[in-house]
Amino acid sequence: MNYFPWLTIVVLLPIAGGSLIFLFPHRGNKVIKWYTICICLIDLLITAYAFCYHFQLDDPLIQLTENYKWINFFDFYWRFGIDGLSIGPILLTGFITTIATLAAQPVTRESRLFHFLMLAMYSGQIGPFSCQDILLFFIMWELELIPVYILLSMWGGKKRLYSATKFILYTAGSSIFLLMGILGIGLYSSNEPTLNFETLTNQSYPGVLEIIFYMGFLFTFAVKLPIIPLHTWLPDTHGEAHYSTCMLLAGILLKMGAYGLVRINMELLPHAHSIFSPWLMLLGSIQIIYAASTSLGQRNLKKRIAYSSVSHMGFIIIGIGSISDTGLNGAILQIISHGFIGAALFFLAGTGYDRLRLLYLDQMGGMAIPMPKIFTVFSILSMASLALPGMSGFVAELMIFFGILTSQKYLLMTKILIILLNTIGMILTPIYSLSMLRQMFYGYKLFNTPNSYFFDSGPRELFISISILIPVIGIGIYPDFIFSFSVDKVEAILSNFF
Amino acid sequence: MEYTHQSLWIIPFIPLPVPMLIGAGLLFFPTATKNLRRRWAFLSILLLGIVMLFSVALSIDQINNNKSFIYQYVWSWTINNDLSLEFGYLIDSLTLIMLILITTVGILVLIYSDNYMSHDQGYLRFFAYMSFFNASMLGLVTSSNLIQIYIFWELVGMCSYLLIGFWFTRPIAANACQKAFVTNRVGDFGLLLGILGLYWITGSLEFRDLFQIFNNLIFNNYLNVFFVSLCALLLFCGSVAKSAQFPLHVWLPDAMEGPTPISALIHAATMVAAGIFLVARLLPLFIAIPTIMNGIAFIGIITLFFGATLAIAQKDIKRNLAYSTMSQLGYMMLALGMGSSRAALFHLITHAYSKALLFLGSGSIIHSMETIVGYSPEKSQNMVLMGGLTKHTPITKTAFLIGTLSLCGIPPFACFWSKDLILNDSWLYSPIFSILAYFTAGLTAFYMFRIYLLVFEGYFNVHFQNINGKKKNSLYSISLWGKERKQNVKKKIYLIDLLTLINNDQKFLFFNKRAYFHRINQNVKSITRLLIDTTHFDTKNPSPFYPHESTNTMLFSMFILVLFTLLVGVIGISFSQEGTNLDILSKLLIPSIDLLHQNFPNSFDWFEFLTNATFSVSLSFFGIFIASFIYKPVYSALQNLNLKNIFEKNVRKTKILEKIINAIYDWSSNRGYLDAFFGSFFITNVRKLAKINHFIDRQVIDAIPNGIGILSFFMGEAIKYIGGGRISSYIYILLSFLFILLVICSLFLFFY
């Protein structure tokens, strides 16, 4: 084994590199932009290298561990480590954040601060996925809220302050429950606090207490994921934020909720999870239909995509609630797949907004002729979003369906009901995504403004779209790549249940 | 042959390089790719030709060696322990029939569309879509398990969506493609549920295992009959949507907004046959549940009758053919429901060739009409404006006539043999169904000849429209088409269009063209305006006032299809030799299931055949006769003199007859009121739901955080007010509380 602190470097490099931005001389934005992208790329490459050469796929245990005592007083460690569950989200984070930084090139206002915040987000997002200490998890969880808040309130749209406040109200408010739960779990056992995930896995609690802990954690993650009725911050936030922020929000931030649900609620509190899981499934199915039908009524393009994200998150909840091997694998795949698809859709919506300066769908139309490339990519991604076979979303949803079907926990009638509700969502999805496509691109329109001459997407935008499309289609054709990460870990998690 | 059997998995992938290369090329090197234009078409035709050779070789092998099927496992999709999604291919007679059908029609349509689309901006896009469709259709028919079927099922649906919306600047096309996709998604919803249900019952998705386990379970009575029937019904839902059967057929007529070669290939010959294919594939499963079989037959009979009644009074030539397709698909479904898969497949083949021929013929007509009346489908496909095209497009006319005769079921042509088989079998199945089916055969002849007569007989109507009718509604002057919608002419928009046309800005030329013509077709209905677009687009054409015969490329593929239509009936004709059936189709379909002929397998009776055939043919001739009676003499003296004189004797009768005719026309031109029903019922309800949900989100759920925000704001204000920082107020409060405390204390002291 080598003891090179890979994960510490991966987590700390972006924020450390980011704080150097302020030392740069005032020489325009270009240097800062490329510097940021370089940092992102280096970090992504380090991650890829470390995972490639120092991570054994067939080992369900935690690897690349690092243990440094930080605060002696209550056994607080700087403890990192990854397993099959976190490797996918970490790679996704690296990829999406790099792409989002590249997508944020047109931002010129307060460029230093913006890019510093992007890098801080990078650290704050990889942190929760890779830490193995529950208090450290909380700290990292909070760390990423601040950059989002500032990004929202400075580079957003017209109602940015309202949505930023709403965002911080929801997420910070819910974090209280996370902290309470963490302290409860940590201080429960014996005379000295245990904060290590691995030791906590084997701990058991009295029934009522476990349920209380579970509810606390669930509340936090339900805000983040989001689960209805705690979702309303999401459309506002996504509707107002700059599209690079949206990419991070939709691509990664939402997935932290799902990750937390698996990591803490499923792994640490299995008994409570098996009590709550039927309700989770029901909630998830209602969410799919509710959010999909709400999405239909949205006039704002970004809000429509945001609601579609909410709807897709329903599948993750169902996969987590199904307590079956296939279902949980499907949920993890959906985490990855929606990370790509959601980010790409927001990116394209943003590039469209950059050109048209229109956000409402009924004002658009006929964009296909001036910008055929955006049209092509947008169509492919809408298809991916409605789970067309051959794309990653389809595999994830199919796996989740099979997960419900093969789950040993539920009765036949429950399964039928849940599957029926989900498939109704499957009918609603094409309605909103295709009508979005139709309203934006199809038809014709004589734009009233005489100077409206639109550029089609340039090489940078095309590069971003293609580099997101490749994994979407690649996973859709060869999903084993993601499954090979998670399969063993999922089995290990599920062995607690039976 | 063994070696080829090993590598047959490549079949669906053979046409795939074309869309991938064109897609990548258009994204990265647009000009270079566009310069290669026709080479891409050649490449796609070549690749499809390779597949055709493959499938022909395979089917010869199959006929000679009597192999029942080839199955090969290729690779597993997931490494999950609980679930194995294995990909493989299954090639049996059913697959081979579909393979040959897809490739032959596909090649001809590709050749045809090279010319048909040659002036279109999206020429390469078109070929990319087409090749992708071919690839996924080939994948669909070779797939060996249900998940694979579902995957390709969706992919062909997507191709159909893209191709219907090919001319995306037309709002009608944009609506149509979305409608098609969503309607098909409703079917897929059933299909997926059915697949999941079957997986739950049997634990397998692979066809052979599935049938075996299923039949074992049925045999041992382990199954809940209700649940099993439900699953089968849901599976059938998928084919109902894809094959445009009764409640979910609404997308098919709208799908005619796509280019005509698409209608020939996808919406007549191959993709809509996928539903028939699926039912035929799953027939061993359905046959175990008699109620489902009856249900399939019932849906089939409704569809065939409903489609035929709707086809009676369509104005649009392609829509008319679409309803006819729907009706013929109903025949196939009926045959499947009766359990005679042989008849269904036979009709599938013959109908595919005949209908493809008809669509290509109509495409040729549309192409020649477009230069005269303009490019909007409401005009170039409007049969009211056609007429007398025999003179101008003689070859197309011959081809179209042969297709029409074949579809009507006139003896030497292909559809006669298959339709007669189905009608025969229906007589054995149920007399009521049979009567309806026979009646519809007559109707088919009627509406097909209506098309033929309107298009090719009489005089060219474009020049008569102002003379004949009222001035305002000149397009609809001929009263046979029921009532029409009156649209207000918006003068303002029209003026803008005209101005842009005059400016003729090069940058927006394509853009404006579409806009202009769409507006034209909605608003402008007088001959003068028609002349504007004629002059605008026909500078090259020496005589712009009469349609022209299409070019040789288009005629070539039509000619080949004519040959098919003439000859393809042969494969199903029985040559009774020494008491055994020797037709090719039966030989190909050895393991096929036949419910009706179980008792007398080898008794093909020529006499019975002849009597039945005479009956159906005479019905068809009756239909043709009525059609020619009504539609032929639009301008001739016959209508003005004889027809009216006959009816004038009894005025009341005439009125009743007129009422009936009007009712039928209303019924037909309103598409059986089903679209309106769906529109008012589903769409408004979904919209209402969306509004309610939006309201809940905005007003109810958001009220909580907003309330918290406002509350904390007020609290802060209140505290700010109290803690204003003025020392005098602090002292005041302090002293007042001190005073109260003193009073209370003194009271206590006083009392105790």
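The model is predicted, with local features requiring pLDDT of at least 70 and side-chain atom pairs counted only at pLDDT 80 or more, while totals for chains, interfaces and linings use all residues. Residues are numbered from 1 along each chain as its sequence is written, chains are lettered from A and ligands numbered from 1 in the order in which they are written, and side-chain values use heavy atoms, with hydrogens and water left out.

Chain A contains 19 helices and two strands, where helices (H or I, at least four residues) and strands (E, at least two) are DSSP runs numbered from the N terminus. Its radius of gyration, taken over C-alpha atoms, is 22 Å, close to the 23 Å that the globule rule gives for 498 residues, so chain A is as compact as a globular protein of that length; the rule is 2.2 Å times the number of residues to the power 0.38. The C-alpha trace of chain A spans about 75 × 60 × 40 Å along its principal axes. Of the 498 residues of chain A, 67% count as buried, a class defined by under 20% relative accessible area, with exposed meaning over 50% and partly exposed in between (1.4 Å probe, protein chains only). Among contacts in chain A (heavy atoms within 4.5 Å) with a separation of 6 or more, 81% involve residues 24 or more positions apart. The accessible surface of chain A, computed by the Shrake-Rupley method with a 1.4 Å probe, amounts to about 16,300 Å², of which 69% belongs to carbon and sulfur atoms.

Strands β1 (residues 63–71) and β2 (residues 76–82) of chain A pair in the antiparallel sense over six bridges, pairing being assigned if DSSP finds at least two bridges between two strands. A:I71 has A:F76 in β2(A) as its bridge partner, and the two strands form a hairpin with four residues between them, in whose turn A:D75 has a positive phi of about 60°.

Over all chains, the structure holds 22 salt bridges, each defined as a side-chain nitrogen of Lys or Arg within 4 Å of a carboxyl oxygen of Asp or Glu. In one of them A:K224 is joined to A:E144, with the closest N and O atoms 2.9 Å apart. Because A:K224 lies in helix α9 (residues 207–224) of chain A and A:E144 in the loop between α5 (134–143) and α6 (145–155) of chain A, this pair ties together parts that are 80 residues apart in sequence. A:K224 is buried, with a relative accessible area of 2%, and A:E144 is buried at 0%. A:E267 and A:K489 also form a salt bridge, their closest N and O atoms being 3.1 Å apart; this pair links helix α11 (residues 243–268) with helix α19 (residues 480–494) of chain A, 222 residues apart, and both residues are buried.

In chain B, the side chains of B:R281 and B:D92 meet in a salt bridge (2.8 Å, N to O), linking helix α13 (residues 273–281) to strand β2 (residues 86–92) of chain B, 189 residues apart; B:R281 and B:D92 are both buried. A network of salt bridges links A:K166, A:D236, A:K303, B:R698 and B:D702.

A nonpolar patch on the surface, with about 1,400 Å² of accessible area together, includes B:Y732, B:F737, B:I744 and B:Y752. Patches are made of residues with over 30% relative accessible area and no salt bridge, like charges being joined within 9 Å and nonpolar side chains (Val, Leu, Ile, Met, Phe, Trp, Tyr) within 5 Å. B:I744 lies in helix α34 (residues 727–751) of chain B and, at 39% relative accessibility, counts as partly exposed.
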